[in-house]
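Hi there,

Please have a look at it before you read on.

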Amino acid sequence: MLYTKDVLIGQSPTEPAFANPPEAVAAAASTGPAWRELLEPGVRHALFCGVTIQILQQFSGINGVLYYTPQILDQAGVSVLLASLGLSGDSTSILISGLTTLLMLPSIGVAMRLMDASGRRALLLWTLPVLVASLAVLVVANVVPMAATAHAALSTGSVIVYFCCFVMGFGPIPNILCAEIFPTRVRGLCIAICSLTFWLGDIAVTYSLPVMLSSVGLAGVFSFYAAVCCVALVFVALKVPETKGLPLEVIIEFFNVGAKAGTLPDEEFH
């Protein structure tokens, strides 16, 4: 396929036709995508979707909660759950944190199975309400007076449900969507912008969590994260198309059509 028709007919090919590409092609390949291409309506719409979903993913609190799970569980009083074993509060928190991480592994396996069976958008719409519910239970457990054992059990169970549902939906899907929704000519640049957004959000959440814990407490922190998950649910319902089983060219057309119409039509989701 690298030889021209004239070379192949009646002649012995000695060099591929594109061994020395035209100057225009070579110049385009060397310069890469122009930043102004990001301002095209379809690309701008897709980039807005990718950046926003990365921000919402980080500010749903996963990395902050994951990094500080032992401290959070210790504040929730989980030491009473395993007091009969003679474990201290810190040891109990670390043990439950490790068990929670192990429980995330089968959830990742379920997500791998459902990703192409149910679809990315559908999986987000099913798991985000569970995230909101688990965070709401955490808020209630820290606001409503109750027995220490009930408080610890509710907090621990909610944290486990939160983690497991997150790794099934809101954890992997934003990165998958960002790899699918951009045109080929600017895909690398757009994914780089989304990755930068991801890590900036990660830094912001990680370093803000200790300050939030000391200022507003667990109930305030989880209320904020629950509010972000509610915003994410609305955003996914209105702006994120279903990409399961679709060619990249078709996915890109969703955003071109949506940019012209001002929004993504509901019928395009399905």
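To start with a stretch you can find by eye: over residues 123-147, what percentage of the chain is helix, what percentage is strand, and how far apart are the end C-alpha atoms? The chain there is 84% helix and 0% strand, with 35 Å between the end C-alpha atoms.

Some housekeeping before the rest. This is a predicted model, in which local features need pLDDT of at least 70 and side-chain atom pairs count only at pLDDT 80 or more, while totals for chains, interfaces and linings use all residues. Residues are numbered from 1 along each chain as its sequence is written, and side-chain values use heavy atoms, leaving out hydrogens and water.

**Overall picture**

The protein chain has 12 helices and 0 strands. Of its 270 residues, 41% are buried; buried means under 20% relative accessible area, exposed over 50%, and partly exposed in between, with a 1.4 Å probe and protein chains only.

Over residues 189-209 the chain is 100% helix and 0% strand, and the end C-alpha atoms lie 30 Å apart.

**Salt bridges**

As a reminder, side chains of opposite charge can pair when their charged atoms come close. I counted a salt bridge when a side-chain nitrogen of Lys or Arg is within 4 Å of a carboxyl oxygen of Asp or Glu. By that rule there are 3 salt bridges.

Asp116, Arg120 and Glu180 are linked in a network of salt bridges. Within it, aspartate 116 meets arginine 120 at 2.8 Å, N to O. Aspartate 116 is exposed, at 53% relative accessible area, whereas arginine 120 is buried, at 9%. In the other pairing, the closest N and O atoms of glutamate 180 and arginine 120 are 2.7 Å apart. This pair links distant parts of the chain: glutamate 180 sits in the loop between H9 and H10, arginine 120 in helix H7 (residues 120-143), and 60 residues separate them. Both glutamate 180 and arginine 120 are buried.

Arginine 185 and glutamate 40 also form a salt bridge, at 2.3 Å from N to O. Here too, distant parts of the chain are linked, 145 residues apart: arginine 185 is in the loop between helix H9 (173-178) and helix H10 (187-215), and glutamate 40 is in the loop between helix H2 (23-31) and H3. Arginine 185 is partly exposed, at 44% relative accessibility, and glutamate 40 is partly exposed as well, at 30%.

**Cysteines**

How many disulfides are there? The count is 0, taking a disulfide as a pair of cysteine sulfur atoms within 2.5 Å. For cysteine 178, the nearest cysteine sulfur is that of cysteine 194, 3.7 Å away. Cysteine 178 is buried, at 3% relative accessibility. For cysteine 230, the nearest cysteine sulfur belongs to cysteine 229, 7.2 Å away. Cysteine 230 is partly exposed, with a relative accessible area of 37%.

**The largest pocket**

About 170 Å³ of space lies in the largest pocket. On a 1 Å grid over the protein atoms alone, a pocket is an open set of points with protein on both sides within 12 Å along at least five of seven lines, and lining residues have an atom within 4 Å of a point. Grid points are joined across faces, edges and corners, and the volume is the space filled by probe spheres (1.4 Å) set on the points.

Helix H3 (41-59), helix H4 (62-67), helix H6 (89-114) and helix H8 (148-168) each supply at least two lining residues, and H4 gives the largest share, 3 residues. The lining includes Gln57, Gln58, Met104, Phe166 and Phe198. By class, the lining has 8 nonpolar, 4 polar and no charged residues; Ala, Val, Leu, Ile, Met, Phe, Trp, Tyr, Cys and Pro count as nonpolar, Asp, Glu, Lys and Arg as charged, and the others, Gly among them, as polar.

Alanine 204 lies in helix H10 and is partly exposed, at 34% relative accessible area.

Definitions and conventions: Helices (H or I, at least four residues) and strands (E, at least two) are DSSP runs, numbered from the N terminus.
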